[in-house]
Amino acid sequence: MENKEIIEKIIKLKKEKNAVILSHNYQMGEIQDIADYVGDSLGLSQTAAKTDADVIVFCGVHFMAETAAILCPEKMVLLPDLNAGCPMANMITARQLREKKKEYPDATVVCYVNSSAEVKAESDYCCTSANALALIESLTDVNKILFIPDRYLGHYVARKAKKEIILWPGYCPTHHRILVEDIEKQKAKHPNALVLVHPECTPGVIDLADKVLSTSGICKFAKESEATEFIIGTEVGMLHRLKKENPQKKFYSVTGLALCPNMKLINLEKVLWSLEDMAYQIKVPENIAVKAKRAIDRMLEVKGIA
Ligand code: CIZ
Ligand code: SF4
């Protein structure tokens, strides 16, 4: 089937089933282009919670669809490929977290949104890359934090926040492929470009950046900045949106190796099949969803960070 034909079928089915398509910033261009909303996991979940659609086709990875299912339990949340997981989220289990909490009984647990519902349920607060620092700084009565699972985001926050932060050894294999040498090469090639990197990058890469931002932060900054050239240190899918929204500006990826294979598992056919078969439904058991939602709601309640 031609893409055009698939897209027509998707549009027709979307109407019939009262569905919306949400796409993460790291999805392939063909998915971003048919989505009703493109954004980061927080924006996507908030959009999911607000929509009056009955069905949400979530084009992202498993933990993101789970977060949407936690925030809107009355809606049907579909993930077009069940293998689309996040290796970083899989680097900590609820059982491992319970063990770690015994070691640090007086620590407040802050978990990055890149975690399973079970892990969120064991955490005090959730955060995203857009609000990790603001959230931790807002916890004025808290001095000791157990930050899971991303040691690099945790390290970045620890350098800025004046609190003891205990790290967990998780990381994103995709952002780990962005090397200091790659940034140096791109800077030499494009001396006028600003370097924007994601806080999942290693500390050496972060040290070379002009700005450290979440994906939503990168989009906003690129749009509002006077600068016209940018070196982008995050997953390569980001370039599609940046180029589309800012056709007069230039964007260079630090390395083509920064590609998340899980994000790329979803394609147009799978979105169509997902709507045809109403698959794969992401459901979170109620006892876990209630506890996980508490950590997410606490993040949303902290003023001015969402
Ligand atoms: O929160 C997200 O969507 C992730 C995983 C990255 C980002 O910075 O947006
Ligand atoms: Fe997980 Fe990294 Fe892929 Fe994001 S880019 S989904 S953190 S593996």
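How do the residues of the shell around ligand 2 divide into nonpolar, polar and charged? They divide into six nonpolar, one polar and one charged. Please keep in mind that this is a predicted model, where local features need pLDDT of at least 70, side-chain atom pairs count only at pLDDT 80 or more, and totals for chains, interfaces and linings use all residues. Residues are numbered from 1 along each chain as its sequence is written, chains are lettered from A and ligands numbered from 1 in the order in which they are written, and side-chain values use heavy atoms, leaving out hydrogens and water.

**Ligand 2**
- Around ligand 2 you will find Tyr26, Val61, Cys86, Pro87, Asn114, Cys172, Glu200 and Cys260, each with a heavy atom within 4 Å of the ligand.

**Ala68**
- Ala68 belongs to helix 4, residues 62-71 (a DSSP run of H or I, at least four residues, numbered from the N terminus).
- Ala68 counts as buried because its relative accessibility is 0%, the cut-off being under 20% relative accessible area with a 1.4 Å probe and protein chains only.
- Beyond neighbours within four places in sequence, Ala68 is in contact (heavy atoms within 4.5 Å) with Ser45, Ala48, Phe58 and Val77.
- Leu42 lies 26 residues from Ala68 along the chain, with 9.1 Å between their C-alpha atoms.

**Domains**
- An automatic or database assignment sets the domain bounds: domain 1 (3-86 + 263-284), domain 2 (89-172 + 288-301) and domain 3 (174-253).
- The centres of domain 2 and domain 3, taken over C-alpha atoms, are 26 Å apart.
- Twelve residues of domain 2 are in contact with 14 residues of domain 3.

Technical notes. Helices (H or I, at least four residues) and strands (E, at least two) are DSSP runs, numbered from the N terminus. Buried means under 20% relative accessible area, exposed over 50%, partly exposed in between (1.4 Å probe, protein chains only). Ala, Val, Leu, Ile, Met, Phe, Trp, Tyr, Cys and Pro count as nonpolar, Asp, Glu, Lys and Arg as charged, and the others, Gly among them, as polar.
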